[in-house]
Amino acid sequence: MAVDIQPACLGLYCGKTLLFKNGSSEIYGECGVCPRGQRTNAQKYCQPCTESPELYDWLYLGFMAMLPLVLHWFFIEWYSGKKSSSALFQHITALFECTMAAIITLLVSDPVGVLYIRSCRVLMLSDWYTMLYNPSPDYVTTVHCTHEAVYPLYTIVFVYYAFCLVLMMLLRPLLVKKIACGLGKSDRFKSIYAALYFFPILTVLQAVGGGLLYYAFPYIILVLSLVTLAVYMSASEIENCYDLLVRKKRLIVLFSHWLLHAYGIVSISRVDRLEHDLPLLALVPTPALFYLFTAKFTEPSRILSEGANGH
């Protein structure tokens with residue numbers, strides 16, 4: 001195969017784009033930025049992203065997809081009130097919005113029309129921040145080679161958040177207006193107003209810290225799920241198994257946290273060796289059991305009552 005010989009590319013992410021191919025002859029352009037959906041190989045040629053996402057990539061996308069859903073549920077529960085019958089319908093609507101947004105995002109991604117995406121493999125942290133690696137050969141002129149080396153893991157999250165926001169604005173106000181009769185007019189739409197704040201925050205978080213989140217999200221899930229479970233059980237004054245079983249809502253919260261524990265464990269282990277990693281899931285109930293066994297020594301109800309009395 002004949003390939004034209006040109007000076008080597010400078011920079012970590014600069015590459016040469018294929019201009020013309022005729023049989024065994026390939027002609028490449030000058031060194032520069034790779035087109036969208038391509039990244040440089042070891043020989044500094046831009047190659048299309050044709051690989052399938054790894055399990056860890058899907059788990060990362062699942063984590064980013066869960067963030068708005070969990071925040072929706074939190075603010076719906078926060079603003080609905082204990083006696084409001086609208087909370088359940090809003091929870092279901094939020095789940096429907098995020099599910100439909102995820103499906104639409106996959107359908108509009110390359111290849112279009114199928115629930116499948118092609119991607120480039122993440123090799124190192126710098127793949128997420130190619131704008132920091134534009135070379136300056138003469139220390140004056142900068143060769144701009146910024147592109148999505150982790151295609152499409154970076155931009156697909158923004159597309160998903162956009163669809164989540166659009167679907168929420170189309171569906172949620174109508175639902176809240178119909179069923180949230182138990183709430184005051186000023187409280188009905190507070191969960192929607194909250195979303196208008198946290199979606200920009202999530203967008204900035206992905207834009208700035210997407211690469212860091214990619215490597216840290218399993219540990220973030222485990223730490224936050226452990227902390228929130230402990231806070232919930234202490235705030236609900238759960239000190240034994242009977243207190244846990246007396247309300248269905250408490251069981252739902254417990255099982256939800258167990259799912260998050262399992263998600264974090266699978267993400268950390270990546271299930272590289274199935275027979276060795278799956279037994280780790282037996283650790284999922286451990287934090288809750290440890291709390292129940294040690295609650296009698298700390299007496300959360302006494303601590304809460306003393307805090308309320310100002311002692």
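Start by selecting Leu 12, which sits in the loop between strand 1 (2-3) and strand 2 (15-22). Helices (H or I, at least four residues) and strands (E, at least two) are DSSP runs, numbered from the N terminus. Leu 12 is partly exposed, with a relative accessible area of 37%; buried means under 20% relative accessible area, exposed over 50%, and partly exposed in between (1.4 Å probe, protein chains only).

This is a predicted model, in which local features need pLDDT of at least 70 and side-chain atom pairs count only at pLDDT 80 or more, while totals for chains, interfaces and linings use all residues. Residues are numbered from 1 along each chain as its sequence is written, and side-chain values use heavy atoms, with hydrogens and water left out.

Now go inside and select Tyr 60, Trp 128 and Phe 217. Of the 41 residues in the largest nonpolar core, these three touch the most other members. A nonpolar core is a set of buried Ala, Val, Leu, Ile, Met, Phe, Trp, Tyr and Cys residues joined through side-chain atoms within 4.5 Å. Helix 4 (190-235) is among the helices that each supply at least two residues of this core, and helix 4 gives the most, with 10 residues.

Stay on Trp 128. Not counting residues up to four places away in sequence, its contacts include Tyr 60, Val 122, Gln 206 and Tyr 214, where contact means heavy atoms within 4.5 Å.

Then select Leu 229, Leu 254, Leu 292 and Ala 295, which are among the nine residues of a second, separate core.

Finish with helix 6. The 22 residues of helix 6 should span 32 Å at 1.5 Å a residue, and its end C-alpha atoms are 32 Å apart, which agrees; the expected span is 1.5 Å times one less than the number of residues. Buried residues in helix 6 include Arg 250, Leu 254, His 257 and His 261. Just after helix 6, Arg 270 takes a positive phi of about 60°.
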